[in-house]
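Open the structure in your viewer and keep the selection tool at hand. The stops below are taken in order.

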Amino acid sequence: MDHTTKSIAYVRTEETPRSAPPSKSGGVGGWLKENLFATPRDTVLTIITFLVLLWIIPPVIDWAFISAVWTGDNREACIGPDTGACWAFVDAKFGQFIYGRYPLEERWRVNLAGLLLVAGLVPIAIPSVPYKRENALYLLIVFPVLAFILLTGQFGLKPVETPLWGGLLVTLVVAIVGIVVSFPLGILLALGRRSHMPIVKMFCVIFIEFWRGVPLITVLFMSSVMLPLFLPDGVSFDKLLRALIGVALFSSAYMAEVIRGGLQAIPKGQYEAANAMALTFWQGTRLVIMPQALKLVIPGIVNTFIGLFKDTSLVLIIGLFDLLGIVQQNMTDPNWISPVTPATGFVFAAFVFFIFCFGMSRYSAYMERRLDTGHKR
Amino acid sequence: MKKEILSAVVGVAAVAGLGAAAASAATLDDVKAKGFVQCGVSTGLAGFSAPNDAGDWSGLDVDLCRGVAAAVFGDAKAVKYSPLSAKERFTALQSGEIDVLSRNTTWTMSRDTQLGLNFAGVNYYDGQGFMVRKSLGVNSALQLSGASVCVQTGTTTELNLTDYFKANDMTYNPVVFEKLEEVNAAYDANRCDVYTTDQSGLYSIRLGLSAPDEHMVLPEVISKEPLGPVVRQGDDQWFAIVKWVHFAMLNAEEMGITSENVDEMMNSTDPNVMRMLGKEGAFGDSLGIGNDWAYNVIKQVGNYGEVFERNVGASTQLNISRGVNALWSKGGLQYAPPIR
Amino acid sequence: MGTDMAHQESVSAGADDSGRASLIYDPRVRGFVFQALLIIVVAGLVWSGLTNAHDNLQRAGIASGFGFFKERAGFDIGQSFIHYTNDSTYLRAFFVGLGNTLVVAVIGIFFATVIGFIVGLARLSKNYLVRKFATVYVETLRNIPLLLQLLFWYKAVLSILPSPRAMGIEPGSEIAFSLNNRGLYLPRIVPEAGASLILFTAIAVLAVWFVLGRWAKKRQMATGQQFPVFVTGLGLFIVLPLLAFFVTGMPLSLEYASLQGFNMVNGWVIQPEFMALLLGLSLYTASFIAEIVRAGILAVSHGQTEAAYALGIRPNLTSRLVIVPQAMRVIIPPLTSQYLNLTKNSSLAVAIGYPDLVSVTGTVLNQTGQAVEVISITMLVYLTLSLLTSAFMNWFNASVALVER
């Protein structure tokens, strides 16, 4: 090696040899190289992952489709070695999974309530559709009243008692009541927590931290076992209603924290501007602060709703038959007991929950992106 | 701020009000006012209280509720059922959510004295037993040391189990669940070797297993389990009505009055029969219900023997013999005070 | 978003009339009145609830108070980490439940964190297959209720395993590993006389390791010379206890499980209820932690990576020394709430028969009928756990927070 290289100064005196052209970077080969086999470590990871997939996917496909039983009248069809999913079970019990034991001839009412819900949800979910305020009023006030009349059977409709409700119906009822009640309650609690009045603030902090600190299941136990004792003699609530109260209080605490996040993100100038315009606290909140804060936390609200939707499955522990509860109950039907029935039922229920939650989380991500653009400078 | 919270509280209360029912202290007046008897039953135990696919309940415990409705309203259908877990059952009664609890509940001293309950009789004398797979080759409960035992939590069964294994110096692994269906599923999946609950329950549960013939109930009965209807303490009138509906069904069997011949029996000149069917005396009035109360019970529900046979007897899948539940005159324990 | 406005409008009516002269419109007076009314309303609700409860209990002749805690429980519990028999008191049963909850929560937090970090990093991998695999994992598990997953693991996976007898295990033969529907059976390490020395050695090595770390860091700060702490420490940790093991005459032995009568006996057993709960909790929470980790790493500006590369730091070291420490500040607060969620979610054990706090107190409730006392105390325990965890994590968060100079 030349002794000159030991000096600190280094000036290249000759041209470097030409590098080989880069290996193919386009096409399938290039993509594979870049995304799967970029380094030796990547190659190893790719091979391991591929083997894991090979180990998981073919049996799953075989179980769910190839060896699955699609038709049958009872467990006989699904018993046997190497039987896959027993979809015949889901087929036979489908009505129950959706409506519970809601009387057959009255199920149109559930369907109608479902349609009314979709009619309200679709336009509010699409940002470009106008009349958002009216739409929200419909969803938060008109729809619940109509659904209540239809489902319980008021005004001459045949009454259907809540113990007969079940399946997806109960899941949606619990989730929607939870969100509809928790939304206004959450706003009030969030405002209260940021209030300058110490007692109001303390009350809200205690309320929020209490519900957030205990598991939902103990809340449900409280509402099903303890609440009746705290009511005046002779006053008693429907079991479903008690669960609804528990769920609503619980989720309003979470909702409050989400909304508080939005309130905190509003610059102080906005509050001062509202005051400068001589708006009262409520006017300022209504016209200036909340519209901005809520817009910011739409993704958070949707996420809370997803959590609430998943948590509705807990009502099965206190003996209500939501989707998961009714699926589980039907697994023990002696006509359908087989080694594959539980897995089939759970996979079906998981699929339904997944569709709802995944759809909502995609929507939340979409809104996040949409809202994000407004803040990019 | 306060007003908003107040309005929210009122709002919640208003929503709650939709499902609330107010009642006065006297259960009978309350029941008459609302037009039906609210009856707490199990979440599904074939033969005792179980719904069919259409949601109609039937069973020995259910028939007692129907009997009470028949006595009060003359209509056995005037009953609404609340399926309750073991955990919920006493609170439901204490808080007034139900009027009578007829849910294969064991009469014990602590329940009678500490929980504010009154047991209105025994409509089924039971005892705790064990069920095992035949393939285990076990034929006595004394061979069960080291087994995993499935049991429903929070029942007298759980405590008896502990006592029995302790007394016989045996060990076991408890596998406990909150709900009966879960215990059933775990036993059926062979999570445990032994299933223990009241013997009547074992026969009923066996029917729901995937292969009922592969299981057997062991002969040992390790406890006394007098099952009966329960009412709240402090309402003697209602207590008496539930008690006497049960006694009327027993007396009817003893006198040979059935739902089929009760109309003929109305012409009977036997003073016992006449008193019972309201032809003589005013026993119904003294209970605060119609004098034809017993007639209605027998006509619409049947006597105890009929009810037993219809729900759990030899003609049913459960195929339980009368045993200790036979009338005292036939060597059993069922004994009713006379209507006099 | 007009909904809330409508609501506000209705509730604020009457509060915004014009005029400022009256005392009613003095904000301070109004604030005072509002708060006084709030106290009255809340106190009224609490009071009426309490009197109702008191009246109901009184009328029904139900005993109340916490005296029952000292009575004999009389039931058995399937798994317990403290000594418990059916002769123990309800209070002890309660602590068994609490212990079971804590054990499953701590182990669950450990696994959830490990899996969550791996998956979170995998989601950012340049490797297409790894990245997609991690994405599918996260999206699937996050969008299915935990309860459903627990029931799935318990009823559809672990329960349908064959029983030890059906597996054809020879009665009496020693089994090193067996997964059946009674649990996972592994050999148990049985310490004999002298085994404590091994434990002491291990503890001593840990202490040395710690001191060595401090010394090495100090020296590196002062002189720039590095010392291979990790390799040295690990080497000592393996070699010295092993040495102690041989010196003391190999005082550890393995106890294998074997089939006797109905069940496997001896060995180390992990019950299926515990396994299902742990699997469900860890995998579910990991999917959330993965997202937190991903977001945390993405929150570190790309400029930081480029700066590190410009300084000639290798990619691995860049992650360890530059990216992760900064990402941790973003990660820790939401991570805390996930740990809390996991702890609270462990109460779902009641659905699959694992004797956690809720499940054991449920049994106590059934046996004693003291609904109010039992449920309040259960909620209080969870509340305390939540507050303690929050406090600890706040402290920890403060200790890693960016110190502005």
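Predicted model: local features only at pLDDT ≥ 70, side-chain atom pairs only at ≥ 80, totals over all residues.

Residues are numbered from 1 along each chain as its sequence is written, and chains are lettered from A and ligands numbered from 1 in the order in which they are written.

**Stop 1: chains A and C.** Select both chains. Here 60 residues of chain A are in contact with 58 residues of chain C; contact means that the C-beta atoms, placed from the backbone, lie within 7 Å. On the side of chain A that touches chain C, α14(A) gives the most, with 10 residues. Helices (H or I, at least four residues) and strands (E, at least two) are DSSP runs, numbered from the N terminus. By class, this side of chain A has 42 nonpolar, 11 polar and seven charged residues. Nonpolar means Ala, Val, Leu, Ile, Met, Phe, Trp, Tyr, Cys and Pro, charged means Asp, Glu, Lys and Arg, and the others, Gly among them, are polar.

**Stop 2: β6 of chain C.** Now select residues 257-260 of chain C, which form strand β6. Which residues of chain C does β6(C) pair with on each side? Strand β1 (residues 174-175) of chain C runs antiparallel to β6(C), joined by two bridges, and C:E174 stands opposite C:S258. Three bridges join β6(C) to the antiparallel strand β7 (residues 263-265) of chain C, where C:M264 stands opposite C:L259.

**Stop 3: the turn.** Finish at C:G261, which takes a positive phi near 65° in the hairpin of β6(C) and β7(C). Two residues lie between these strands. Strands pair if DSSP finds at least two bridges between them.

Technical notes: Contact = placed C-beta atoms within 7 Å. Buried ≥ 20, exposed ≤ 12 C-beta atoms within 10 Å, placed from the backbone.
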